[in-house]
Amino acid sequence: MKIENIKKMVTLPDFLKKIGREPIRRNGDFLHYRSPFREDKKPSFWVNIKTGKCGDFAEGGGIGDIINLAATQL
């Protein structure tokens with residue numbers, strides 16, 4: 001199976017929900033979450049639902065896509 005097909009099958013919000021993270025707020029195409037990498041009091045993790053990209057403000061930028069995020073959770 002091609003990676004592009006996997007990216008279409010599993011969205012970032014679906015993956016985050018499976019690991020116990022729900023969006024705290026939405027701002028346009030962006031969903032904001034508490035970080036899946038550490039305990040956050042304020043949502044620092046973002047997902048752009050239009051582009052399928054995500055990142056962490058506290059870590060200084062972008063993480064990538066569903067493949068990158070899933071790899072960090074192994």
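**Entry 1**

I started with Glu-39, which is exposed at a relative accessible area of 70%. The classes are these: buried is under 20% relative accessible area, exposed is over 50%, and partly exposed is in between, computed with a 1.4 Å probe on protein chains only. Before going on I noted that this is a predicted model, in which local features need pLDDT of at least 70 and side-chain atom pairs count only at pLDDT 80 or more, while totals for chains, interfaces and linings use all residues. Residues are numbered from 1 along each chain as its sequence is written, and side-chain values use heavy atoms, with hydrogens and water left out.

I then looked for the partner of Glu-39. Its side chain meets that of Arg-21 in a salt bridge, at 3.9 Å from N to O. Arg-21 sits in the loop between helix H2 (12-18) and strand E1 (25-27), and Glu-39 in the loop between strand E2 (30-33) and strand E3 (45-48), so the contact ties together parts that are 18 residues apart in sequence. For the term I used this cut-off: a side-chain nitrogen of Lys or Arg within 4 Å of a carboxyl oxygen of Asp or Glu. The element labels are DSSP runs numbered from the N terminus, with helices (H or I) of at least four residues and strands (E) of at least two.

How many salt bridges does the rule give? The count is 3.

I took Arg-38 next. Its side chain forms a salt bridge with Asp-40 at 3.5 Å, N to O. Arg-38 is partly exposed at 25% relative accessibility, whereas Asp-40 is buried at 14%. Arg-38 also meets the side chain of Asp-56, at 2.9 Å from N to O. This pair links distant parts of the chain, with Asp-56 in strand E4 (residues 53-56) and Arg-38 in the loop between E2 and E3, 18 residues apart. Asp-56 is buried, at 0% relative accessibility. Through shared partners, the salt bridges join Arg-38, Asp-40 and Asp-56 into one network.

I also checked Asp-14, which is found in helix H2 and is partly exposed at 39% relative accessible area. Its C-alpha atom is separated by 15 Å from that of Arg-26, 12 residues apart along the chain.

**Entry 1: the sheet**

I traced the strand order. There are 5 strands in an open sheet, ordered E1-E2-E3-E4-E5, with antiparallel pairing. E1 and E5 are at the edges with a single partner strand each, so one side of each has no neighbour in the sheet. From one strand to the next the twist averages 30 degrees. Strands count as paired if DSSP finds at least two bridges between them.

I went through the pairs in turn. E2 and E3 are antiparallel over 4 bridges, and His-32 has Trp-46 in E3 as its bridge partner. E3 and E4 are likewise antiparallel, over 4 bridges, and Val-47 is bridged to Cys-54 in E4. Their hairpin has 4 residues between the strands, and Gly-52 there takes a positive phi near 75 degrees.

E4 pairs with strand E5 (residues 61-64) in the antiparallel sense over 3 bridges. Which residue of E5 is the bridge partner of Asp-56? The partner is Gly-61. The E4 and E5 hairpin has 4 residues between the strands, and Gly-60 in the turn has a positive phi of about 90 degrees.

**Entry 2: aromatic pairs**

The rule gives 2 aromatic pairs. The rings of Phe-30 and Trp-46 have centres 5.7 Å apart and planes at 65 degrees, so this pair is edge-to-face. Phe-30 in strand E2 and Trp-46 in strand E3 are 16 residues apart, and the pair links distant parts of the chain. Phe-30 is partly exposed at 31% relative accessibility, while Trp-46 is buried at 15%.

Phe-37 and Phe-45 form an edge-to-face pair, 5.9 Å centre to centre with 70 degrees between the planes. Phe-37 is partly exposed at 32% relative accessible area, and Phe-45 is buried at 0%. The rule I applied takes rings of Phe, Tyr and Trp (its six-membered ring) with centres within 6.5 Å; planes under 30 degrees apart are stacked, over 60 edge-to-face, and the rest tilted.

Technical notes. Axes fitted to C-alpha atoms, helices over the stretch in contact; angles between N-to-C directions.
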